[in-house]
Amino acid sequence: MRRIDALGIGFGVFAAGGLAYLFLQGAGLDSTTAGIWTQVALVGGLLGWVATYALRAVTKTMTYNQQLKDYEEAVLQKRLEELTPEELAKLQAEIEAERKG
């Protein structure tokens with residue numbers, strides 16, 4: 001994420017909080033109650049975002065982990081393609097021996 005993207009997201013959340021506050025005031029709530037409910041919504045959104053981040057970190061489905069996995073698979077595939085037929089037959093025989101043993 002670029003710096004300008006982070007600034008845009010921050011400004012968007014700030015603006016959304018202000019609009020929610022104005023909406024709640026327009027709906028008839030006094031300024032204190034509207035402010036409290038706006039803060040509840042913003043903190044709830046923040047906690048929800050942190051929860052999704054934590055879930056992705058625990059399940060290792062973050063972008064970095066996926067890129068690393070894809071890279072490792074590509075390297076192994078390239079190595080497999082570079083094997084000669086004799087080396088491939090030898091590798092297959094070793095795998096069969098491990099499965100039986």
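The exercises below, each with a worked solution, concern a predicted model.

**Exercise 1. The largest pocket**

Find which residues line the largest pocket, which helix supplies the largest share of the lining, and how the lining divides by class.

Solution. 

Step 1. List the lining: Met1, Ile9, Val13, Leu42, Gly45, Leu46 and Trp49.

Step 2. Helix H1 covers 3-26 and helix H2 covers 31-58, and each of them supplies at least two residues of the lining. The largest share, four residues, comes from H2.

Step 3. Sort by class. Gly counts as polar. The lining has six nonpolar residues, one polar residue and no charged residues.

**Exercise 2. Leucine 29**

State where leucine 29 is placed, and decide whether leucine 29 is buried, partly exposed or exposed.

Solution. 

Step 1. Locate the residue: leucine 29 is in the loop between H1 and H2.

Step 2. Recall the cut-offs: buried means under 20% relative accessible area and exposed means over 50%, with partly exposed in between.

Step 3. Apply them. The relative accessibility of leucine 29 is 33%, so this residue counts as partly exposed.

Step 4. Look at the contacts. Leaving out residues up to four places away in sequence, leucine 29 touches Leu24, Ala34 and Trp37.

Step 5. Check a distance. Alanine 41 is twelve residues from leucine 29 along the chain, and their C-alpha atoms are separated by 15 Å.

**Exercise 3. Salt bridges**

Determine how many salt bridges the model has, and describe each pair.

Solution. 

Step 1. The cut-off is a nitrogen of Lys or Arg within 4 Å of a carboxyl oxygen of Asp or Glu. The count comes to three salt bridges.

Step 2. Take aspartate 5 and arginine 2, whose side chains meet at 3.1 Å, N to O. Aspartate 5 is partly exposed because its relative accessibility is 29%, whereas arginine 2, at 55%, is exposed.

Step 3. Take glutamate 82 and lysine 78, with closest N and O atoms 3.3 Å apart. Both lie in helix H3 (residues 63-82), four residues apart, about one turn of the helix. Glutamate 82 has 53% relative accessibility and therefore counts as exposed.

Step 4. Take arginine 99 and glutamate 96, with closest N and O atoms 3.6 Å apart. Both lie in helix H4 (residues 85-100), three residues apart, about one turn of the helix. Arginine 99 is exposed at 65%, while glutamate 96 is partly exposed at 37%.

Technical notes. Residues are numbered from 1 along each chain as its sequence is written. This is a predicted model: local features need pLDDT of at least 70, side-chain atom pairs count only at pLDDT 80 or more; totals for chains, interfaces and linings use all residues. Side-chain values use heavy atoms; hydrogens and water are left out. On a 1 Å grid over the protein atoms alone, a cavity is a set of points where a 1.4 Å probe fits but cannot get out, and a pocket is an open set with protein on both sides within 12 Å along at least five of seven lines; lining residues have an atom within 4 Å of a point. Buried means under 20% relative accessible area, exposed over 50%, partly exposed in between (1.4 Å probe, protein chains only). Contact means heavy atoms within 4.5 Å.
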